[in-house]
Amino acid sequence: MTIHKLRSFIVSTFRINWNHFKSKLLLRYVLSYILIFLIPLTGVTIFVYDSAVSGLRSEIELSNINQLNQVKMNIDSRIAELREISGRIAYDRRLTPYMVRDSYYRVEAIQALANYKANSSIIEDIFLYYHNDPVIYSYRGLTNVNVAFDSFYRYENWNLEDIIVALNETNQMLIRPAENVTINSSRQEAMLTIIVPIKPNAPYPYGSVIYMVKESNLTGVMDSILSDFTGSSYIFNQNDEVLTANHQGVSLSQEHLGTLAALDAGIHNVSLKNDKYSVVSVKSGENGWNYMTIMPSYQFFSRVAHVQTLILMVFGIAVVTGVLAAFVLARRQYHPIKDLMEFAKLRVNDTPEPRTRNEWDWIRQTLHDYSARIDMQEPFVRNQCMLLLLKHGKPDDPEIERMIGGVGLESPQEQVIYFCVILSWEENDATEDVQNDRQQVHEILSHVEPSGLHANIYGVEFSADNQFALIVSLPDPGQDSLKLRMEQIIRAVQELISENTRLDPSMGVGTPYRGLGQLNQSFIEAATALEHRMVGSSRITYFDQLAEQSHPVAKGMWLPRKSLLKLEQSLKQGNESVAVQMIAEMMETIRSEPLQIHLLRCICFDLLNALLRSASEVGMNEVFSNISDYTSFETLEEFEDKLLSLTTEVCEKVERNHEQAAPKLIDDIVHYVNQQFADYTLSLEHVALKFSVSTSYLSRSFKEKAGISFSQYIWKRRTEEVIRLLVTTSAPLKEIIEQVGYLDAPNFIRKFKKETGLTPGQYRKQHRSNRLDI
């Protein structure tokens, strides 16, 4: 079962429609992904390969050299030990010619030789010989020379006469290479013979010490150190003769041995018998011997070969996996483009089949065709941008700045003045003719340039039903003529309204500013002027004309009335940024005046009263139960913090009031969603922008109204429509899914199956069968 699932997964992974390969874009994606991972992977693999192989090769070579050096040091110490024993024998009074020849002391001399033999682990036998003496002494006793080297030890390539000559004439240490020696005419053993004259280094020695050393004792020392070595090891003397050899799979001729003996110390790669061998050689400084190991190169670097194979296998697996991943990722990246093309074909039936295989060119042309349709939404977007300016000042958003620059609000060549005007109609006049006139005013004043005034007027619709805002921009005429220009612009607006409608709205005019960032200040001031207009007087009220609060207090001062009115208006509209700025300005004014403490507290209470009045008007009566918390303060900084805290609470209350005061708005939103749920661009942000509400309020209120979240409601409506179309039509499944606003058909199918337990195809088949049965 597991193998079947694995095979199915591999088949589904490689199942790529051949038509996909006709797309140059898909092939470009595949090649791009392959190159993206293959180039760095190759570089990393080469680096790792070089580092690992070089490092391991060096480690192996160094390890072999260190092991061979240990062999050299060990055997050199054994040979030096034999020299030392010879020197001790030469000066041992028990082993003088007199003592060994004397029948009384001979036993003591023989015992002394036995003790010297026991001091070395490599000595098989030891003899003491005095020149021209027919007798030779050993740890077993004395015997004739002829008997010792003809009967007891018989050499294969060294006759008795040559042995006697070597015993009498050797004046330097002689080490005879290992050869087969017959012992007691019963067995053969490869042995080395070492002759050391006594006294050592004397010009005229009087005798010799003969050591019989088994070759296996030396090779055993080498094997114990070269424990995991599988080649052959050799010891060459200073005459390039093989003293001893240990063969493990490699046997060389005398000619080849001569080639090895001529090598210097170090690591060498040589060709012998048409095969590559690795040779490690070290030279002894004590006796001039060469210690060598030789083995086939493929064995010497076998671990390197394993690492090479492992790296190549990992690289191959990574390449295969990467190619598969490249195909999967390319298909995944190409899939939305393919769906977008198919969706565009469904929406635009008159679009011809693309002649080019580059889908992006076709999509670019299609989007260009759509741009004309998008242009019709520009007035709505522009209104929302300007509404942001009025409520929050100039936002730090490049896209909105681009939109503002596009409508001509800012001019880089000259200084521009901005102010806001709010038009208000009577609330009780809601006849159809009046409504038509108001709509016409909105259209006329959406953007107008009064003749001869060099000004731009932009209309902005906002949440108030009976009000309409204007943003006015004009080149700075100077302080002296600014007021006159503003009056001329207002009269021009009145004339436009009277010429085209029967309306005569009241107007509130804010203070002019030299920056878009302060346009929200002018908006609050215009609203303040409109709210405090004098009944029966002119229908135009300028914020600067509001009478200031003035009381005849000697050596005192009061906060300007228009500042307090502006603060109250910003609180009523829930504009926290303007309210905070007004509090900061008035607190700075209070700090700058040298006032008596009692007058200072009165002025502070005047400012506090303005906030309390606004809190009362928006329904925050609970603040009066804790009035002592606001009236008790020790410093102006403490008082300002309390005012700012109260300001935040009032603005939050205003926002909640606005949300609760519009139950019909949510009904309109639900109706709009029911009409537009099949629009794939529909989103919470889109609806919030259209109905001028915050996304948090919309999300919360929509869930309270519908019982489920906004996204869940959209999914529910789309699913219901898909089910209806599945049962009542024969349209292809993909077309149905796209008709309800989904571009990602596989994702929709997964969610549909998770919710209903059936795929759309299974659902259609089952429910159609049920209908036929009925």
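Axes here are lines fitted to C-alpha atoms, for helices over the stretch in contact, and angles run from 0 to 180 degrees between N-to-C directions. Helices (H or I, at least four residues) and strands (E, at least two) are DSSP runs, numbered from the N terminus. The model is predicted, so that local features need pLDDT of at least 70 and side-chain atom pairs count only at pLDDT 80 or more, while totals for chains, interfaces and linings use all residues. Residues are numbered from 1 along each chain as its sequence is written, and side-chain values use heavy atoms, with hydrogens and water left out.

**View 1. Packing of helix H25 against helix H27.** Helix H25 (residues 710–728) packs on helix H27 (residues 745–756) at an angle of about 90°, and their axes are 12 Å apart. H25 is therefore roughly perpendicular to H27, a class that covers angles of 65 to 115 degrees, with those under 35 roughly parallel, those over 145 roughly antiparallel and the rest oblique. Where contact means heavy atoms within 4.5 Å, Trp-715, Thr-719, Val-722, Ile-723 and Leu-726 of H25 meet Phe-748, Lys-751, Phe-752 and Glu-755 of H27.

**View 2. An aromatic cluster.** Trp-715, Tyr-742, Phe-748, Phe-752 and Tyr-763 form one aromatic cluster. Rings of Phe, Tyr and Trp (its six-membered ring) pair if their centres lie within 6.5 Å, and planes under 30 degrees apart count as stacked, over 60 as edge-to-face and the rest as tilted; by this rule the count comes to 16 aromatic pairs.

**View 3. The ring pair of Phe-127 and Phe-149.** The ring centres of Phe-127 and Phe-149 are 5.5 Å apart and the planes lie at 50°, so the pair is tilted. Phe-127 belongs to strand E1 (residues 123–130) and Phe-149 to helix H5 (residues 145–152), 22 residues apart, and the pair thus links distant parts of the chain. Phe-127 is buried at a relative accessible area of 2%, and Phe-149 is buried at 4%, where buried means under 20% relative accessible area, exposed over 50% and partly exposed in between (1.4 Å probe, protein chains only).
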